[in-house]
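Hi there,

Here is the structure I promised to pass on to you.

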Amino acid sequence: MKKTIYNKYDKSLIAALPRATFGGRIVVVLNDYEAEKAVNYLLSQPILGVDTETRPSFTKGHLNKVALLQVASHEVCFLFRLNTLGMSPAVRRLLEDKSVLKVGLSWRDDLCMLHRLGDFKTGDFIDLQDHVREVGVEDMSLQKLYANFFGQRISKRERLTNWEADVLNDKQKMYAATDAWSCIMLYEELQRLQREKDYELITITEDVQGSKTPQG
């Protein structure tokens, strides 16, 4: 039976879905030595998921610098605390790498923010937003995409927390790791669906009253 996916996923359904969380090991990276070890491991992997976090600003016109770079394999996610590390040599080597497949979501925005920390030549990255339209999906948010492809909920409760805190709490660490890891899961599932043609797209349209109607 083919997997059913939707061009637009109903956000009101997400709260009832089971929660998806990263089940691997989470490692916080605080100094250059730890960063070198982490990057050596990550660049030995076949695929990586990437994301960033920035402390929210509630002052109009003020934007904080990236505080966290999270990079995950299937088994381990490293949380690079950039508010401490900055653009260290190891972080720069990771961002400039062209040998390992790296997947993010809305990654162009993240790259712009990362370039504020220091100059680097951008390596090879895949942005999921460039590829989900290939199967007819119009949603661009991680939460809707994961619900659509897997029937599971990615929690966004920690998004506006303080990512520059002296110590990240367990909820922040799980949130950050799950976001990076989920990019791998989405990319691999998207590739599988396209390769095996194992999906049926249901197109949802809105009538003039705003109610959603499936089109066969």
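Below is what turned up, starting with the salt bridges and moving on to a helix pair and some backbone angles.

A word on conventions before that. This is a predicted model, so please note that local features need pLDDT of at least 70 and side-chain atom pairs count only at pLDDT 80 or more, while totals for chains, interfaces and linings use all residues. Residues are numbered from 1 along each chain as its sequence is written, and side-chain values use heavy atoms, with hydrogens and water left out.

**Salt bridges**

Searching the whole structure gives 14 salt bridges (a side-chain nitrogen of Lys or Arg within 4 Å of a carboxyl oxygen of Asp or Glu). One of them joins Lys-3 to Glu-189, with 2.6 Å from N to O. Lys-3 sits in strand β1 (residues 3–6) and Glu-189 in helix α6 (residues 170–196), so this pair ties together parts that are 186 residues apart in sequence. Helices here are DSSP runs of H or I with at least four residues, strands are runs of E with at least two, and both are numbered from the N terminus.

How covered are the two partners? Glu-189 is buried at 10% relative accessibility, and Lys-3 is partly exposed at 22%. Buried means under 20% relative accessible area, exposed over 50%, and partly exposed in between, using a 1.4 Å probe and protein chains only. Lys-3 and Glu-189 also belong to a salt-bridge network with Arg-192, Arg-195, Glu-196 and Asp-198.

A second bridge pairs Arg-93 with Glu-36, their closest N and O atoms being 2.9 Å apart. Here too distant parts of the chain are linked: Arg-93 is in helix α3 (residues 89–96) and Glu-36 in helix α1 (residues 32–42), 57 residues apart. Arg-93 is partly exposed at 31%, and Glu-36 is partly exposed at 31%.

Asp-139 and Lys-144 form another bridge, at 4.0 Å between the closest N and O atoms. Asp-139 is buried at 8%, whereas Lys-144 is partly exposed at 23%.

**Helix α5 and its neighbours**

Helix α5 (residues 142–150) is mostly covered, with 7 of its 9 residues buried. Among them are Leu-142, Leu-145, Tyr-146 and Phe-149. What do the buried residues of α5 pack against? They pack against β1 and α6, where contact means heavy atoms within 4.5 Å.

The axes of α5 and α6 come within 11 Å and cross at roughly 45°. Axes are lines fitted to C-alpha atoms, for helices over the stretch in contact, with angles running from 0 to 180 degrees between N-to-C directions. That makes α5 oblique to α6 (under 35 degrees is roughly parallel, over 145 roughly antiparallel, 65 to 115 roughly perpendicular, and the rest oblique).

**Backbone angles**

Gly-151 follows α5 and has a positive phi, near 65°. Most residues other than glycine have a negative phi. Ser-106, though not a glycine, has a positive phi of about 55°; Ser-106 is in the loop between β6 (101–104) and α4 (107–115). Lys-197 also has a positive phi, near 50°, and lies in the loop between α6 and β8 (199–206). Lys-197 is exposed, at 60% relative accessibility.

Best wishes
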